Amino acid sequence: MNRTIRRASVFTLLLVFALLVRATWVQFYEGRALADDNDNRRNAIETYAEPLGNIVVGGEHITGSARTKGSDLAYKRTYTNGPLYAAVTGYASQAYAPTQLEGIYADVLNGTDPRLRTVTDMVTNGRSAPGDVVTTVDPAVQKAAYEALGDKKGAAVAIDPETGRILAAVSTPSYDPAALTDANTAGEAWTRLNEDPDKPLTNRALRQPLPPGSTFKLVVAAAALEDGLYSSVDERTDSPDPYPLPGSSKDLTNENPSAPCENASIRVALQYSCNNVFGKMAVDLGQDKVRDMAEEFGFNDDEQDVPVRAYTSVYPSDMDPAQTALSGIGQFDVTATPLQIAMVSAALANDGELVSPHMVSRVTDSGGDVLEDHDEDASTRRIVSSSTAEQLRSAMQTVVNEGTGTNAQLSGATVGGKTGTAQHGENNSKTPYAWFTSYAESDANGKKVAVAVLVEQSDAARSEVSGNGLAAPIARETMRAALQD
């Protein structure tokens, strides 16, 4: 054979061998990655070839599936009262990756979770019937919080303190998840929602931590009582008014200069929201002790799943004494989600024990058999002693009955709360955030609920922005709904 022909033959064989190696590599090593690629339309075709499983609230499906026309995607997701439940469900879209419960339980809802497979599925190699996700959300509580927030930008979270069940998770302004379900129309809705300056796609209840203001004073008070810095909520503190910030030429003053804040007890300091008391208390305790207590309640936990991953609420490190004082009133770099602030009230309402908050009760297969039981698996940990919890509940009742939280009063129930007005912007140049956190117990049926409300922005004049004026009425209506038989 001619040398040139022989070399060409060898080269051709090498090319064939290289192609075989590449094909083998793609098939056996890269095949799964390609199959799972979000841009692989075959995945979308398979996902939407059959109706999806459903998300359940109060025993009723709030999701569904509808037949499409003129598309290779046979079904699309539908929602009942979509804007009301958007912060719970998220969306399942033919064009975009699913979010919230739709994303976390996508495999259950589309029938690909291995736990759904039956013997028949294995024999036929068919897709399993999808399962359902049963939430803990109470439709009456969700609706009450949503309607009370109205056109305000903000959020509300309600928790059953004895079980950890999240009864409501509301974020406003909301959006209709149905606008994102159809691949043919989702793009326009996606652009509109993302360009909206009010950011309706942001889940403010779980995923937007902001300065908590004076609601954080409950954490500082708990640290002081647990540490023994003060023996009771009625012991007078050592608190000059105003309080000179250590290492600074500035003083920490109070919103109400005539309030009896000098050397005030914890009860009085919560009643009048005395900055001087809690600023100095944080310095006297030291940032490490305050941080330890904050972390007991859930701050600095970057794996806070309900099961949606909540953004981390932060109590900072490496502060100087003046910054530590500001952290004691929920300012400087302290941030919290409404979920986190509701957890503080929930632990105090439950005698000092925090049951892990969760918004999914159970996950079931198509026949109703339980795959996951989050009510049964909820963990409980002690945050503060029973005595500390009882004292702080009593002081919170004083806030509602005689102090800055009177708008949360609710007939037929024992209510305790704490207001918060958090500074916002450089030199407090922007409208403050209004907070309210509370717990309530029905005098008639013994039901309990813990609530946190954030009003990020409203139509109220700056001078009228307060936790009592804006957030407490929303908390009151949410608690009222939760305590009904």
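A residue is called buried when its relative accessible area is under 20%, exposed when it is over 50%, and partly exposed in between, with a 1.4 Å probe and protein chains only. The model is predicted: local features need pLDDT of at least 70, side-chain atom pairs count only at pLDDT 80 or more, and totals for chains, interfaces and linings use all residues. Residues are numbered from 1 along each chain as its sequence is written, and side-chain values use heavy atoms, with hydrogens and water left out.

**The chain as a whole**

The protein chain has 485 residues, of which 49% count as buried. Its C-alpha atoms fill a box of roughly 105 × 60 × 40 Å along the principal axes. There are 18 helices and 16 strands in the chain; helices (H or I, at least four residues) and strands (E, at least two) are DSSP runs numbered from the N terminus. A contact means heavy atoms within 4.5 Å. Of the contacts in the chain with a separation of 6 or more, 67% are between residues 24 or more positions apart.

Threonine 388 is part of helix H17, which covers residues 386-402. Because its relative accessibility is 3%, threonine 388 counts as buried. Leaving out residues up to four places away in sequence, threonine 388 touches Ala222, Leu225 and Glu226. With glutamate 226 there is also a side chain to side chain polar contact of 2.6 Å. A polar contact is a pair of N or O atoms within 3.5 Å; within protein, one must be able to donate a hydrogen and the other to accept it, and residues adjacent in sequence count only if both atoms are side-chain atoms.

Isoleucine 383 sits in the loop between strand E13 (380-382) and H17. This residue is counted as buried because its relative accessibility is 6%. Isoleucine 383 and aspartate 351 are 32 residues apart in sequence, and their C-alpha atoms are 9.3 Å apart in space. Among the residues that isoleucine 383 touches, beyond four places in sequence, are Glu226, Met293, Phe297 and Leu354.

Helix H15 (residues 338-349) packs against H17 at an angle of about 115°, with the axes 8 Å apart. Axes are lines fitted to C-alpha atoms, for helices over the stretch in contact, and angles run from 0 to 180 degrees between N-to-C directions. On the H15 side, Ser345, Leu348 and Ala349 meet Ala389, Leu392, Arg393 and Met396 of H17.

**Nonpolar cores**

A nonpolar core is a set of buried Ala, Val, Leu, Ile, Met, Phe, Trp, Tyr and Cys residues joined through side-chain atoms within 4.5 Å. The largest one has 88 residues, and Phe278, Phe297 and Met359 have the most contacts inside it. H15 gives the most to this core, with 9 residues. The contacts of phenylalanine 297 beyond four places in sequence include Ala222, Met343, Leu348 and Ile383. A second, separate core of 31 residues includes Ala148, Val400, Ala413 and Val415.

**Strands**

An open sheet of 5 strands has the order E2-E1-E5-E11-E12, with mixed pairing. Two strands pair if DSSP finds at least two bridges between them. Strands E2 (60-61) and E12 (370-373) are the edges, each pairing on one side only. E1 (residues 55-57) runs antiparallel to E2 and is joined to it by 2 bridges; valine 56 has histidine 61 in E2 as its bridge partner.

Strand E3 (residues 63-67) pairs with E4 in the antiparallel sense over 5 bridges, and serine 65 stands opposite arginine 77 in E4.

**Backbone exceptions**

Most residues other than glycine have a negative phi, and most peptide bonds are trans.

| Cis peptide bond | Omega |
|---|---|
| threonine 172 and proline 173 | about -5° |
| aspartate 241 and proline 242 | about 0° |

Proline 173 lies in the loop between strand E7 (166-172) and helix H9 (186-195). Proline 242 is in the loop between helix H10 (217-227) and strand E8 (243-244).

Serine 273, which is not a glycine, has a positive phi of about 55°. Serine 273 is buried, with a relative accessible area of 15%. Aspartate 318 has a positive phi near 55°, and is exposed with a relative accessible area of 76%.
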